[in-house]
Amino acid sequence: MSISKTLQADPATFQSLIAAHRGIILKVAASYCRNADDRADLAQEIALQLWRAWPGYERSRPFSTWMYRVALNVAISQQRRDRQQGRHEPLAVEHEDLIGARDVEVERHEQLLIVQRAMQAFVAFDRALLLLHLEGCSLRESGEVLGISEGNVATRLSRIKKQLRRIAGITSTAGANDHGNE
């Protein structure tokens, strides 16, 4: 990146926005890496790529949507590189050290662990979609981040929820509509 582009990038605004939305970087890193060192490396790589992409950020669009798109693309690309190099983390039994795991109520802790384990079983794209859904993003917002239609988001989420229920051992339809608006 040239010096003139760096100067045009407005580092103060960038740093302010990154600080305000730091949780996005941490959540994406936690969703794609279980090892603390790998999470830190991925978070650093995401921040670097956000800075590199900053001059191209369209200010009329929501920053968080753009940030998710960049962060998820970096995480998915890193996961692909790791697989191509034969690097693969075995599924861990416990994930208490993941972002947010210590902050949840005791009765929801087990549910969080199930979701975190299940996320590791999903392909990278579905993991990204589930993360956006858990963050409360609308179908439209998720579609914008991932570059797919709202209908495609809804269909994929429905399949993901069915798979989550299978993984969690839920056989009845009770609890199937956990947010009430899907």
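Biologist: How do you know that helix 9 reaches about the span expected of a helix with 19 residues?

Modeller: In this predicted model, helix 9 covers 26 Å from its first C-alpha to its last. At 1.5 Å a residue, 27 Å would be expected, and the value is close to that.

Biologist: Which residues of helix 9 are called buried?

Modeller: They are Val153, Leu157, Ile160, Lys161, Leu164 and Arg165. The word applies because a buried residue has under 20% relative accessible area.

Biologist: Why are these buried residues said to line one face of helix 9?

Modeller: When helix 9 is seen down its axis, the buried residues fall within an arc of 140°, and therefore they line one face. The face turned away from this buried side carries Arg159 and Arg166, which are exposed. After helix 9 comes Gly169, with a positive phi near 80°.

Biologist: What about Cys137, buried or exposed?

Modeller: Cys137 has a relative accessible area of 19%. Because the limit is under 20%, Cys137 is buried as well.

Biologist: How many disulfides are there?

Modeller: The count is zero. A disulfide would need a pair of cysteine sulfur atoms within 2.5 Å.

Biologist: What share of the protein is buried?

Modeller: Buried residues account for 36% of the 182 residues. The accessible surface comes to about 10800 Å², and carbon and sulfur atoms contribute 50% of it.

Biologist: Which residues touch the most other members of the largest nonpolar core?

Modeller: That core has 42 residues, and Val28, Tyr32, Leu50, Tyr68 and Leu72 touch the most other members. Among the elements that give two or more residues to the core are helix 3 (22-32), helix 4 (36-53) and helix 5 (63-84). Helix 5 supplies the largest share, ten residues.

Biologist: Which residues are in contact with Tyr32, leaving aside its neighbours within four places in sequence?

Modeller: Tyr32 is in contact with Leu42, Leu72, Ala75, Ile76, Gln79, Ala124, Arg127 and Ala128.

Biologist: How many helices and strands does the protein have?

Modeller: There are nine helices and zero strands, and the order from the N terminus is α-α-α-α-α-α-α-α-α. Of the contacts between residues at least 6 apart in sequence, 66% join residues at least 24 apart.

Key
Residues are numbered from 1 along each chain as its sequence is written. This is a predicted model: local features need pLDDT of at least 70, side-chain atom pairs count only at pLDDT 80 or more; totals for chains, interfaces and linings use all residues. Side-chain values use heavy atoms; hydrogens and water are left out. A nonpolar core is a set of buried Ala, Val, Leu, Ile, Met, Phe, Trp, Tyr and Cys residues joined through side-chain atoms within 4.5 Å. Buried means under 20% relative accessible area, exposed over 50%, partly exposed in between (1.4 Å probe, protein chains only). Helices (H or I, at least four residues) and strands (E, at least two) are DSSP runs, numbered from the N terminus. Contact means heavy atoms within 4.5 Å. The expected span of a helix is 1.5 Å times one less than its number of residues. The arc is that of the directions from the helix axis to the C-beta atoms. Accessible areas come from the Shrake-Rupley method with a 1.4 Å probe; for residues, only the protein chains shown count as cover.
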